[in-house]
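Please read these notes with the model open beside you.

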Amino acid sequence: MPRGAILLAVDGPQAADYHRMFLEHFAGREIRLWPDQIGDTADIAYACVWRAPHGLLARFPDLKVIFNLGAGVDYVLADPALPNVPLARAANPDLSMRVTEYCVLHALMIHRRQRLYDAQQRERVWKGHDQSAASEVTVGVMGLGVIGAHAANTLARVGFKVVGWSASPKEIPGIETFAGPASLDAFLGKTEILIVLLPSTPSTDGILNLALLRKLRRDGAAGGAFLINAGRGKLQTDADILAALDEGSLAGAALDVFPQEPLPPDSPFWTHPRVTITPHNAGDISPQAIVADIGRQIGRFENGEPLDHLVSRQRGY
Ligand code: GLV
């Protein structure tokens with residue numbers, strides 16, 4: 001009887017890559033594939049999931065650990081039938097670096113006014129504009145977990161002034177940090193480019209509303225306040241972002257995530273001249289890196305050692 005079979009349930013374009021990597025990495029162990037190669041549900045000890053349908057995990061009576069193949073576990077935690085076994089999320093230098101690339105790219109696009117130069121290029125206009133140094137611009141990172149801290153440190157190395165905010169106190173050498181609701185306004189008042197890397201939880205959903213966006217610093221060297229959301233779509237209220245852009249409390253936004261994905265074809269964001277859209281790919285990771293992590297985690301678990309990156313169901317991340 002197969003011991004400790006691994007179920008792989010990935011919804012999305014990376015499914016085939018994951019399958020190949022799992023077969024290579026776990027040679028000798030049974031890999032079961034959702035949806036049509038699950039086999040005897042009692043064999044499944046580990047489930048590796050990305051947006052697998054709710055209710056699926058409850059079908060495995062001997063399930064020991066759930067591994068989420070991404071950083072955000074909101075989708076898994078929303079499963080009303082989620083079995084009560086440890087849940088670990090992906091946390092890996094490759095993932096942190098990719099999200100950081102996205103943050104640095106869009107912070108620099110804003111800072112160096114790339115949209116303006118793109119527009120000028122289309123019109124064959126050769127014209128420079130005043131350019132401040134990155135050290136005059138304050139970037140504020142909301143969410144200082146593994147990824148947020150990595151992005152904050154990298155943005156500081158690029159030269160930006162960086163401040164950070166998180167729900168619980170975090171210390172990052174060289175970066176001024178703020179914690180908890182009471183210090184949010186002070187953080188926002190310094191921040192010109194707001195980068196959001198928070199998890200989606202009942203206390204963060206909807207946090208990016210008009211009242212918050214109005215508190216960002218608009219009179220700094222960046223020439224206005226800007227939003228970069230690479231966290232979760234549920235954090236933001238689309239109508240409030242549009243209203244903030246219209247009234248000028250926001251000068252621009254780069255959005256990788258949306259409350260409704262795919263972004264509906266009639267969303268005003270598609271054609272908004274000051275909005276940049278990407279299809280929730282800021283954190284697309286190499287399956288290879290994640291598979292190696294899961295191999296290590298299973299090894300630790302089977303040796304009776306504690307798992308890394310365990311999710312607290314109470315906190316929601
Ligand atoms: C991507 O959205 C992730 O949660 O890793």
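1. Which polar side-chain atom lies 2.6 Å from an oxygen atom of the ligand? The atom belongs to H280. Taken alone, the ligand exposes 190 Å², and the protein buries 88% of that (accessible areas by the Shrake-Rupley method with a 1.4 Å probe).

2. On the basis of these notes: this is a predicted model, in which local features need pLDDT of at least 70 and side-chain atom pairs count only at pLDDT 80 or more, while totals for chains, interfaces and linings use all residues. Residues are numbered from 1 along each chain as its sequence is written, and side-chain values use heavy atoms, with hydrogens and water left out.

3. Around the ligand are W50, G70, A71, G72, R232 and H280 (a heavy atom within 4 Å). By class, this shell has 2 nonpolar, 3 polar and 1 charged residues; Ala, Val, Leu, Ile, Met, Phe, Trp, Tyr, Cys and Pro count as nonpolar, Asp, Glu, Lys and Arg as charged, and the others, Gly among them, as polar.

4. Further ligand distances involve A71 and R232. A polar backbone atom of A71 is 2.7 Å from an oxygen atom of the ligand. For R232, an N or O atom of the side chain is 2.7 Å from a ligand oxygen.

5. An automatic or database domain assignment gives domain 1 as 5–92 + 285–302 and domain 2 as 93–277. Their C-alpha centres lie 32 Å apart. Domain 1 puts 9 residues into the contact and domain 2 puts in 8 (heavy atoms within 4.5 Å).

6. About 790 Å² is buried between domain 1 and domain 2, with carbon and sulfur atoms giving 59%. Buried area here is the accessible area (1.4 Å probe) that two parts lose on being put together, summed over both. D74, N92 and I285 supply 65% of what domain 1 buries against domain 2, more than any other three residues.

7. Between the domains the count is 1 salt bridge (a side-chain nitrogen of Lys or Arg within 4 Å of a carboxyl oxygen of Asp or Glu). The side chains of R232 and D74 meet in a salt bridge, at 2.8 Å from N to O.

Technical notes
A polar contact is a pair of N or O atoms within 3.5 Å; within protein, one must be able to donate a hydrogen and the other to accept it, and residues adjacent in sequence count only if both atoms are side-chain atoms.
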